[in-house]
Amino acid sequence: MAGGGSVAAAHRDLVDMGVPVAVAQEARLEFERQAGLVRDLKDPGALVDKERLEGAWYAGPGKDDIFWPALRGQLEPKLPKEALREVSRSSNKIVGLGRPPGATTIRTRGLVLGHVQSGKTTSFMSVAAKSVDVGYRLVVVLSGVTENLRSQTQDRLEQQLIGDLDQQWVRLTDTDNDFQKSLNAMPFLASHNHRLLAVVKKNPHRLRRLAEWLESAGEATLYSCPILIIDDEADQASIDVGRRRQSVINSLIGRLLKCPKSAYVAYTATPFANLLIDPGVEEGLYPRDFIVSLRPGDGYYGPERLFGRDLLDHVDDDEAAAPDDVVRDVPSNDVPAAQPPKGKGAVATWSPSIPESLETAIQWFILATAARWVRSQGDQHSSMLIHTSMLAEAHFRLQDVIQDYVDDLKTKLQNNDAAVLSSLEKVWISEYGRVARQDDETDVPWAAVSAELSAVVDSVKVIVDNYRSTERLAYEDDEPLTCIAIGGNTLSRGLTLEGLVTSYFVRAASAYDTLLQMGRWFGYRRGYSDLVRIWMTDDLRQWFRDLATVEAEIRREIERFENEGLRPTELAVKIRTHPAMAITAAAKMRSATQASLSYSGTREQTILFSHLDSEWLSANWRAGERLLERSSALPGVEESKVEGSGRYVLRSVPVKAILQFLDEYRFHPAAIRLKGGLLRRYIDQEVAAGGLTHWNVVVMSTETDTQGQYSLGPAGMVNLIRRTRMKQSKPDVANIKALAGSTDRGADLGPQSLAQLGPQPSDADILALRERISAGPLLALYPIAKTSSPGTTATLREPLGAVDHVLGVTIFFPPAVGKGSTITYMSADLSTYEIEEADQDIEAMDEADEAAAAAEVTAGIESGDALP
C-alpha cells in the first residue's frame, strides 16, 4: 500500500500467493478499519478529496517502526493517555490522507486546523515521525517569520522528534543556524540510511537557498526522495499577496513544491486566509486534498471557555456554555496611560504610567504565582503578558515604569508594609474563588499566599521581547522563570508564553486572524486554571466572543462536510463576516467570493440514513403517512396527481401540518442543517413575517414501476425510486450524496408550466418561476426502494442495502420574507472547478429506470422483473 497500490490489488495478491480467502478478507477488513475506510466515530473531522477518501493507504504504525515509537516515548510523560491517543488518531488520519511515498508523484495540498496554543507542534511532529517511518526521507518545517520562533521549534523537534535517535537523522539546521547548505544535495537525498530535518524561517534568502539546494540533486534523485513540507503558521507569509506578481515567499514555497514527490501540509489555528486562497491556481496552496479539524484535549482554554459564544444560526446548537469568569474590564480612560497615542513619532513624547487596572493586573499576577507556589508549582514557569502596542519604543518605555513599580513593591514587601499587604489582600479576596477549581487545584488560604509574596516579587523579571531586544524571552527546563513579558508582534505568533497566568491586553486589531493570534492566553492551564485572568476593554471582549462564534461555525462546517462526503473543491468552507473586522488582510481575500447562509431559496435534502435501523426507517415512513392523512382531511387542501409523472400532490397544506411532520420525522443526527427544531425556528420566524403559511406536498413516485411498490397512506401504492449509497460511507450510515434532481423544485407543477422554461431548466429558473406564479414552499417525499442497486458503470456507488424501505425528504424553500434570516459569509471561489453535480447522478438513475421499463414493455417482459 505504501508503494501506491490499491486495497483491492493487495487483497488479490494475497490470495494469489496462497493465503486463504477468509484470512485475506479478515486482513483487508482490519486494514480498512485502521486506515479509516471504516471510520471510528472519534476521528477528527475532515473535509477530504475524493481520491484520498477512496484510496486510504496508511493503517497506522507498524511493528517495525522506529520514529513514532521513539516520539511516543517522549510524549507519554507529558500528555494524559487520552490526549496521546487523540494525537495518534489524528496523525494517522493526516498521514493517510496524503499520498503513499511509493507513488510516482505526490503533490498533496492539505490543511490542518488546530487551536491557538493547543499542541499543533505535537501534531505535526507525530505526522512527521509516522511519515518517515513509512518512507518519507526529508522533513522541512517552515516555521514562522521570526528567528526566536524558528529556534524554539528547532529545539522542540530536536528534543522530541530526534530525541535519542540522533544517529538516524541528518540535521540541516540547528537551534543557532537556519538553512545555509551550499553543497550538492544528491548524496543527502539519495541515501536511504537516514532521515533529514530542516527547520526554516519563511525568509526569502533561506527559502531560496533551500530550493537551490534541492534542485542541485537532479530530477532523478528528487523522483526517488519523498519530501514532507510542514508549513507552521501557514496563514502568515505563505499566501500570495502580490498585486501584480506573485509574492516572493509564496513563489519560493511553490518552487519547493515543484519537487515531484513533495507533500505540503499547512498548519494554522487561524485558517481564514488559507480557506480563501484561489483554488484555480494549479500549483497554489489551496487545500484541495483535505482539511482536518483537530480536537483540543481536555482542559483546553479556548475562545469559548474564556469569552463564550453566540448560538450558531441554522444549526441546532445547544453547546454554547457560559464562559468562565476570567475577563476584567479596562476602562477606556485607563488605555492612554499604557498605550501610546497614534501618529508618526507620537511615541517619542509619550510618558506611560500604570493605571489602576494595570496595577490590579500586576498585583493579581503576583498573588496567582504565590498561590501556584503554595500548590507546589514553584518549579514551573509563571508569566504575565502585557500587550498594548506594536511599537518597540513603547515596550521599552512601559518596561521602565513597570520595573520601577515591581522594585518598589519588592522593597515594601520586604519591610512588611501594611498598606501594600492590605491592598494585595483586597485583590485576593475580590478575585479568588470567582472561577470554579478543577480536581487538581487545591484550596489556597490567604495566610499561605501572603507568606510567599516577598519571594515571588523578588523572582520577577520584567522582559521586553521585540526585534530590538537584547534580552529575549527564554524558558529553560531546569530554571523556572517568573516574568512580566512586554511585547507586540513577536509575542503574537507561535511563541508560547509558558505558565501564562495574567494578561493585560488593550491592542485592537482589524482582522480575525491577527486578533486571535494575539490571544496568547489560549492553551492548557493544568493546576491553575482557576487563577487565569485577562484584562481588556469591553469592545475587545465582545470581538473575541464573536470570533469564538466564527471559529465554531468553521469547525461545524468541516464536520458537516465530513459527514456528507463533500470535498474541498466541491463546496468551500464559509467564513462569517463581522461589521467591525475584516476576515484577514485584503490582499489575502482577493480571490474570495461573497456567500450567504439561510434557508431562503435553498433546497434542503436528506442524504444520510440509518439504513440498518428498521425502527428508525418505519417511524419515518409512518410520519410521512400521517402527514398525508392529516393534510388531505383539512378543509381547503386540494388532492391531485401531476400529469405525466404519477406524482401525488396535496396543495395549500397549512403550515401547522408541516411543523407537526418535522416534529415526528427523525433526521439523521449527523445532518447538521436538517434538524427538526432548527427548521421549526426558521419557519416560525418566516410565518411571523407573513411567509411559509401554506405549502404543497408531493410524493416523488415514478410513472412506471421499476423498483417495486409500497403503500404510502392516501397516496396508495406508490412506485418506489432508486437511490444508492456512496462507497466508503460509514457502516451504519447510508450516504446517498443527493436525493433531489435539479428539476424537482417543480415537481408539483404541471409539464405545461415547466415547458416555458425550456428543455433543461435549472433550480434557479424554477425558483424564479415559482415566485412569479406564487407557488409557495414545497415539501417532497421520496419513497426509496430498500433493494436499490447501482448500474454497472457507477463505480463510486454500491447497493443501498437497507433493512426496510426509506422515506427521504426535500424541502424547497422560497426566498425569505423576514429580514433577519440571512448572514453574509466569504468563501473561496470554486467557480473554475469542474465539479460533477450529484443531482446529475440522480437524474441519470431515474432516466435509466424509465428507459429500462420502456425496454421491458417493448420486449413483453412483465413489469417488476429485475433489471438486467
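Tutor: To start, contact means heavy atoms within 4.5 Å. The structure is a predicted model, where local features need pLDDT of at least 70 and side-chain atom pairs pLDDT 80 or more, while totals for chains, interfaces and linings use all residues. Residues are numbered from 1 along each chain as its sequence is written, and side-chain values use heavy atoms, without hydrogens or water.

Student: Thanks! How many helices and strands are in the protein?

Tutor: The protein has 26 helices and 31 strands.

Student: Let's look at helices. At what angle do H4 and H6 cross?

Tutor: Helix H4 (residues 67–75) crosses helix H6 (residues 120–134) at roughly 155°, and their axes come within 7 Å. Axes are lines fitted to C-alpha atoms, for helices over the stretch in contact, and angles between N-to-C directions run from 0 to 180 degrees. H4 is therefore roughly antiparallel to H6 (over 145 degrees; under 35 is roughly parallel, 65 to 115 roughly perpendicular, the rest oblique).

Student: Which residues of H4 and H6 meet?

Tutor: From H4 come Phe67, Trp68, Pro69, Leu71 and Leu75, and they meet Thr122, Met125, Ser126, Ala129, Lys130, Val132 and Asp133 of H6. That contact counts 8 nonpolar, 2 polar and 2 charged residues. Nonpolar covers Ala, Val, Leu, Ile, Met, Phe, Trp, Tyr, Cys and Pro, charged covers Asp, Glu, Lys and Arg, and the others, Gly among them, are polar.

Student: How do H15 and H17 pack?

Tutor: Helix H15 (residues 356–374) packs on helix H17 (residues 418–431) at about 75°, with the axes 10 Å apart, so H15 is roughly perpendicular to H17. In H15, Thr360, Gln363, Trp364, Leu367 and Ala371 face Ser423, Leu424, Val427, Trp428 and Glu431 of H17 in contact. This contact of H15 with H17 holds 6 nonpolar, 3 polar and 1 charged.

Student: Switching to strands: is E11 buried or exposed?

Tutor: Strand E11 (residues 382–387) is mostly covered, with 6 of its 6 residues buried. Ser382, Met384 and Ile386 lie on one side, Ser383, Leu385 and His387 on the other, and both faces are covered.

Student: Which way do E11 and E13 run?

Tutor: E11 and strand E13 (residues 482–487) run parallel, joined by 5 bridges; pairing takes at least two DSSP bridges. Ser382 sits opposite Thr482 there. E11 also pairs in the parallel sense with strand E14 (residues 500–505), again over 5 bridges, and Leu385 is opposite Ser503 in E14.

Student: What about the sheet of 6 strands, what's its order?

Tutor: The order of this open sheet is E19-E30-E28-E23-E22-E21, with mixed pairing. E19 (603–605) and E21 (638–642) each have a single partner strand, so one side of each has no neighbour in the sheet. Neighbouring strands are turned by 20° against each other on average, direction ignored.

Student: How many bridges join E28 to E30?

Tutor: Between E28 (residues 778–784) and E30 (residues 806–812), which run antiparallel, there are 7 bridges. One pairs Ile784 with Val806 of E30. Helix H22 (residues 655–664) packs on this sheet, touching E22 (647–654), E23 (694–699), E28 and E30, and its direction makes about 110° with that of E22.

Note on methods: Helices (H or I, at least four residues) and strands (E, at least two) are DSSP runs, numbered from the N terminus. Buried means under 20% relative accessible area, exposed over 50%, partly exposed in between (1.4 Å probe, protein chains only).
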